[in-house]
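Good morning, and thank you for coming.

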Amino acid sequence: MRKQKPLNYFLLLISFISYCLIAFQIERYETTQLLVSFGLLFLIYVWVLRSESETEISFWILAAILFRLCFLFSTPLLSDDFYRFIWDGRLLAAGIHPFAELPRYYIENTTIIPGIDKSLFDKLNSPDYFTIYPPVNQFVFWVAAKLSFGSITSSSLVIRLFILASEIGTIWLIKKILHHYQLPARNALLYALNPLVIIELTGNLHFEALLIFFLLLSYWLLITGKLISSAISFSLAICTKLVPLILLPLMFSRLGWKKSSIYYLVIGVSTILLFFPLLNAEIISGFNESIGYYFKKFEFNASIYYLVREWGFWKYGYNIIQTVGWKLAVYCTFSILVYTSWDYIQNSKLKIQKNFNLRNLPNSFLVILCNYFAFATTVHPWYITTILAFSALTPFRFPLIWTALIFLTYVGYTKTGFSENLWITSIEYVMLIGYITYELIWKKEKSFA
């Protein structure tokens, strides 16, 4: 690799120090330090996106991996979700189904299970809810429990190694797909170097890292003609997080009824086989209850839902999430079906253009996923890393803007808990919608045709 500009080494050093501070020093309630560090990282990230030369792009991709390594031996300070990962893993290691009972059951009944104790229970952020994690996640939790010898730090390290491997695989896949379609190589930096991605996935141990890897692997296998392997990879994505189910209708318009039938069949069989080790009445009941809570209890950083909720307060005088949450899910499903029907009509007209129906598939993934987030009652920062990954394969850059805006939701954390600042949420969505409008109406898009 040719010698880099002194400025690059300076920016590398500043970024490395900032990531180390976030990994080991800054708590999520320390708003000023956190936002300053993130803001500095984001400014450097935007500056680096101007990179043109192959040497410079390679330098910053290696730097992106280095930044992820900053978190290798840290315990997440910005999220406590990983404690539930460890809890589920220890149950599995003891031969107990993670959906068998609520966490509180094991404490109140003084059941003796290695590692399942009051100290870990007190760290859980949802002790009165069933777990929501599908089999791929549970497998990683089990491996972490087996290899950690009862240590939370060791468990975090094992989980992080899975996530780090997925992240490196994702960066490699993005580069491969960009090269395949002769798109700008620097687009890989959009995902690889994004501070929100690095902090929320490798740093905070969120499994969108595996989800994104399996989805991109599925797409790569699909465009290279490996239909069965692509379907298996898509199944692994579903078994990491159920969200990819909403993308399945798109495959009918892209593959035709014969290939899509095979694709759906392989996904169905693979998903059942992957769920099989956990498949019983407990997981069905637990998943149903968890999904029900998701639409009837949880609310964070929403858009359409918050507007409807305010109308409910005005009309009824109380929070109407119990009745409106599932209705928004129905409206979301209907809008997705309308879009996929339109997508089918559009792609039927483009059959004469070889492979165009697969080449512009990431555009449709963005539409479907953004539609889902628009109707959701909960949109955590790490959720949108998926759309950022696919945006690298499209002309759209609004996900990049969103990764900066959504980090502002950390403003709500204090030493004693969390209180959402709706002014911050309003600013986030007004600016996001404004930029999306700019991209759709005024900005000249590069055609993939």
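Let me begin with a definition: a surface patch is made of residues with over 30% relative accessible area and no salt bridge, and nonpolar side chains are joined within 5 Å. Please keep in mind that what you see is a predicted model.

Which residues make the nonpolar surface patch here? They are Leu13, Phe16, Ile17, Leu21, Leu66 and Leu69, and together they form a patch of about 460 Å². Two elements, α1 (6-24) and α3 (54-69), each give two or more residues to this patch. The most comes from α1, with four residues. Leu66, for its part, lies in helix α3. Because its relative accessibility is 33%, Leu66 counts as partly exposed.

I turn now to a pair of helices. In general, two packed helices are described by the angle and the distance between their axes. For helix α4 (residues 82-93) and helix α7 (residues 135-148), the axes come within 7 Å and cross at roughly 75°. Angles of 65 to 115 degrees count as roughly perpendicular, and α4 and α7 are therefore roughly perpendicular to each other. On the α4 side, the contact is made by Phe85, Asp88, Gly89, Arg90, Leu92 and Ala93. On the α7 side, Gln138, Phe141, Trp142, Ala145 and Lys146 take part.

Finally, consider Thr385, which is found in helix α19 (residues 385-391). Is Thr385 buried or exposed? Its relative accessibility is 0%, so Thr385 counts as buried. Leaving aside residues up to four places away in sequence, Thr385 touches Tyr191, Leu196, Val197, Leu201, Glu208 and Ile212.

Thank you for your attention.

Technical notes
Residues numbered from 1 in each chain as written. Predicted model: local features only at pLDDT ≥ 70, side-chain atom pairs only at ≥ 80, totals over all residues. Heavy atoms only, no water. Patch = residues over 30% accessible without salt bridge, like charges linked within 9 Å, V, L, I, M, F, W, Y side chains within 5 Å. Areas by Shrake-Rupley, 256 points an atom, 1.4 Å probe, with all protein chains shown as cover. Salt bridge = Lys/Arg side-chain N within 4 Å of Asp/Glu carboxyl O. Buried < 20%, exposed > 50% of the residue type's maximum accessible area, 1.4 Å probe, protein only. Axes fitted to C-alpha atoms, helices over the stretch in contact; angles between N-to-C directions. Parallel < 35°, antiparallel > 145°, perpendicular 65-115°, else oblique. Contact = heavy atoms within 4.5 Å.
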